[in-house]
Amino acid sequence: MEMNAEEFLRKCEESGDSAYAQLRTLLERLDDPSTRTQSRVFLSHLQTLLSPTEEASLHSLSKYHFRIHDLFLDHPQGDMGRKKLTMLVIPSIFIPEDWSFTFYEGLNRHPDSIFKDKTVAELGCGNGWITIALADKWLPLKVYGLDINPRAVKVSWINLYLNALDERGQPIYDAEGKTLLDRLEFHESDLLAYCRDHDMKLDRIVGCIPQILNPNPEAMSKMITENASEEFLYSLSNYCALQGFVEDQFGLGLIARAVEEGIAVIKPTGIMIFNMGGRPGQAVCRRLFERRGFRVNKLWQTKVLQAADTDISALVEIEKNSPHRFEFFMGLVNDQPICARTAWAYGKAGGRISHALSVYSCELRQPKEIKAIFEFLKNGYHEVSSSLDLSFEDDSVADEKIPFLAHLAGVLKENSFFPYEQPAGSRHFRDLIAGFMRTYHHIPLSADNIVIFPSRAVAIENALRLFSPQLAIVDEHLTLHLPRCWLTSLALKNGEAEEPSGISVIEAPRQSDLMVELIKKLKPQVVITGLAQYESVTASAFQHLLDVTQEIGSRLLLDISDHFELSSLPVSMGVLKYLSGTRLPSHAAIVCALVKNKVYSDLEVAFVISEEQPIFKALSKTVEVLEGDTTPISQSYYGCLLHELLAFQLADRRRPSERDGQKPGSSGATGISNTAASVLNEAELSITPPENSSIVHMDADQVFLPIPSPVKAAIFESFSRQNISEVELDVTPCIGQHVRSCYGYPTDSNTEYIYATSPLALFNKLVLCCIQDGGTFCFPVGSNGNYVTAAKFLKANIATIPTESAQGFKLTGRSLSGMLKSVNKPWVYVSGPTINPTGLLYSNQEMEDILSVCRNFGAKVVIDTSFSGLEYDYDDGHAWDLVGTLSKVNMCSNPSFSVCLLGGLSFNMLTRGLDFGFLLLNELEIVNVFNTFPGLSKPHGTVRYAVKKLLGLRERKSRELVDAVRAHIGTLRTRSARLKEELEKNGWDVIEPRGGISLIAKPTTYVDKSMSIASTHQVKISDSSIKAMILESTGLCINSSLWTGIPGYCRFTFALDENEFDQAISCITRFRRLLS
């Protein structure tokens, strides 16, 4: 049935809604191929009737609520594309004006090839004129016009038919034999939702969308339907709602959301082009893109009059509440900017105001990596994106930081926890270092030649403690972090050093001939030095040092940190040239600090190379005993850099180097000290499994439960931020509040706060303070085995405080009093509130009793809270109030009595991966002695930032963080009950824990029974053999009584991944069956 023009116009005249209903019916006829031609002819007839002149065309908009007019594009002579488009508009859609014309002019500045054969989406297409013009001129493969206004989409389809068919309703073909109907589609979509829902990948995204907040925010919460009022639908073209982005404060939140949605759907080589009103200022506009990892090119800029129907009062309100000032101009010719408030007043008085309008073209600088970053952030980490900053003046910084952030995002997204790693360092990281040495320096190393340390200073101090030389000569550039007692009070007698601590250090200049002269004269047991720049180029200085140290039997540790580069074109180094052709002699090792990164200046990891397996193993053990481990994220950062340098290399392309055969074996050099060797051999340290074999670790003081989302967010934000202020890194106020609220520990302006990468590292410095004091370190029976081993390794005087099974091996005032009577200058170690290893708790009253006894004997007390924070049932009787307790205890003062507090956060807030320890000292004498041992590995700025953020969340009782910790406590309570049940069922006597991640149990049923080991011989089960027997027969690793210090009792940790915990339970059952 033919449409009647008079009837059509009569109905349109009734109202805007009635006119829209008629146009929708017309669109249905255009969609139908059988009525399409007729309907297009009808549109031509309407245009002839209503728009013979421009004035008549405008009159039809007010009378019939629609208008059909010609839009002239005026392409340059010879340019592709038609000269005009025929367009229909209705009042509820943004009418083409300077804003969109400027955008089209910006698009025109691109070469023709930018859209040719590409898949394109236009955001905020309105009536579709730019979408149609783009498809007509540049012949893209497909263009999707998207708009949130459903009426705009319907009108765009009508306009598509108006321009795809001629006035007679016949198709208009382009140079490729296609029509606009082949190249164009329009869809209702909130930004890129349509593309995302249909899993589309785009070559180009263009957008001309609102950039002013609606002065009536409630209006934006209405449902968007085609039956909504014309006023509301039209406002969608002018205003936007708050989007939850930092750019909301400038009215650019919708653009920010469009850009982040675009990152997910744009192809790696894709380009985004946006129209940007210059009201917030050009720098703000550019930064919106640059901080998200885009390179930005301004295509075109002009001034346009501010639309009279746009209310800028929202911008005035922003200025009132912030220091930012928007940029407007009085008229089009004035260049002096005025603020939004002045512009609003001027406009209200009848003046014409304008603003800059720019068209920006943006490309991702590292598409794959930036896509990975935003893929991570969209999964619940939206707040982190506000602090993300991927803008860089130096491309080399971007090339380093962006791949790491992508790697970190992948690690945090794919892993619920950081896996167990050997104390020698991540196997993967050591493989990468070895691979770099093989590939770039042709040195055939393996991971088993490399030990990872938190820093060069730690590596050097650990090596000196391992060899414990009477005399060491150390490069003057490397003595800064050595204990001061090693550098003072040196007396030489018959060529031998005499110094109370057992180690004396002579400083030497970094010049090989002078160093060699000192070595020959003083005959030190250990030499630690670097090489001057001019001596590092050739191997002669290194060869000379090797020869002279080997001749007199000295150990040589050569530092190459200043010359080592992580680069695809590393500088030539004589030392590494030597090692490519000759095996590193058994008396020598190489130390190297990785500090030359372009992003995080104070982020350090060090490694030591030794081709002697006994030395490699001993150095690995010193990391475990004195540091615990090396921060996994620091290893991950440098591992990412190494991976980038190795990933493009062809595997096994280079033949292994032919090296001169220096055979491994004894060199006659100074060996590991007897004390160190004895302690390391007797201690129960971590097990190194054979390659490609797996062990279930119930012997690690680590939490392998899922890391809470707030912790992951804090870790990522700490690395993604730039220009972090010192205030944001100052954790001291938060730590002070933390220890007061959790333990009631007294702090004041005289309290000294000391931080390190682990509580163990801080504990070891306290042990050194005890040694310097001439004191005795007192451990209760049933203490952390790693701490006891560390004290022995450091050669402290150690006393054991008896405990009894009836009290769960808890320290009591009575047992403490009996022991302290015979101890001079006691230092008492107390683990609490949660006791490691038993998992029992000290109540406030029990602590008062213990501290009262310590006060009576003038003991210095080290309270270690680093295993606390996961108590299952922490009632008021167990809540600590050390302020109140110490005020009672100190009523009878004893000047030598003091209490220091040691702690960490990995248990309190499940921050595995954020290695952080703190120590609070209230006694100036201890502070002064502590500061003479400067070789602490300090937590990196990113760690301090994350820790402060998390402590702030904890103090504010963040629901997400509190719920996560509560859920993990529930998991641990359930695990402990299940483990206790399984152990008791299989013949173990268990002491039930009340908090923490471990329990102790006695293998009563197994004692004195025999079992076959390795199918060769029978071994009787005992305290010393049960760990090895369980490990060999089941793959389960626990701590024996050698570690717990409690005769007969083993320790089991259970904060494992769920699958590993189930596997551990199976191992316990299997061991019982094997014995049967």
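Predicted model: local features only at pLDDT ≥ 70, side-chain atom pairs only at ≥ 80, totals over all residues.
**Entry 1: helices H13 and H14**

I first examined helix H13, which spans residues 313-321, against helix H14, residues 340-348. I found that their axes lie 8 Å apart and that the packing angle is about 145 degrees. I noted a left-handed crossing where H13 passes H14. From H13, the contact draws on Ser313, Leu315, Val316 and Glu319, and from H14 on Ala340, Arg341 and Trp344. Sorted by class, I have 4 nonpolar, 1 polar and 2 charged residues in this contact.

**Entry 2: helices H32 and H33**

I then turned to H32 (residues 813-820) and H33 (residues 844-856). Here the axes are 9 Å apart, at an angle of about 15 degrees. Angles under 35 degrees count as roughly parallel, and I therefore recorded H32 and H33 as roughly parallel to each other. The crossing of H32 and H33 is right-handed. On the H32 side I listed Gly813, Leu816, Ser817 and Leu820 as contact residues; on the H33 side I listed Asp849, Ile850, Val853 and Cys854. The class count for the contact of H32 with H33 is 5 nonpolar, 2 polar and 1 charged.

**Entry 3: the largest pocket**

For the largest pocket I recorded a volume of about 960 Å³. I counted 31 residues in its lining, and those nearest the centre of the pocket are Tyr420, Gln422, Thr688, Pro689 and His697. Two or more lining residues come from each of helix H18 (427-441) and helix H24 (613-626). I noted that H24 gives the most to this lining, with 6 residues. By class, the lining of the largest pocket holds 11 nonpolar, 10 polar and 10 charged residues.

I recorded a volume of about 650 Å³ for the largest cavity. Its lining consists of 35 residues, and Gly628, Asp629, Asp701, Gln702 and Asn786 are the closest to the centre. Helix H30 (759-773) and helix H31 (785-793) are the elements that give two or more residues to the lining of the largest cavity. I classed the residues of that lining as 13 nonpolar, 12 polar and 10 charged.

Methods: Residues numbered from 1 in each chain as written. Heavy atoms only, no water. Axes fitted to C-alpha atoms, helices over the stretch in contact; angles between N-to-C directions. Helix = DSSP H or I, 4+ residues; strand = E, 2+ residues; numbered from the N terminus. Parallel < 35°, antiparallel > 145°, perpendicular 65-115°, else oblique. Left-handed = near helix turned anticlockwise from the far one by under 90°. Contact = heavy atoms within 4.5 Å. Nonpolar A, V, L, I, M, F, W, Y, C, P; charged D, E, K, R; others polar. 1 Å grid on protein atoms, 1.4 Å probe; cavity = no way out; pocket = protein on both sides within 12 Å on 5 of 7 lines; lining within 4 Å. Points joined across faces, edges and corners; volume = space filled by probe spheres on them.
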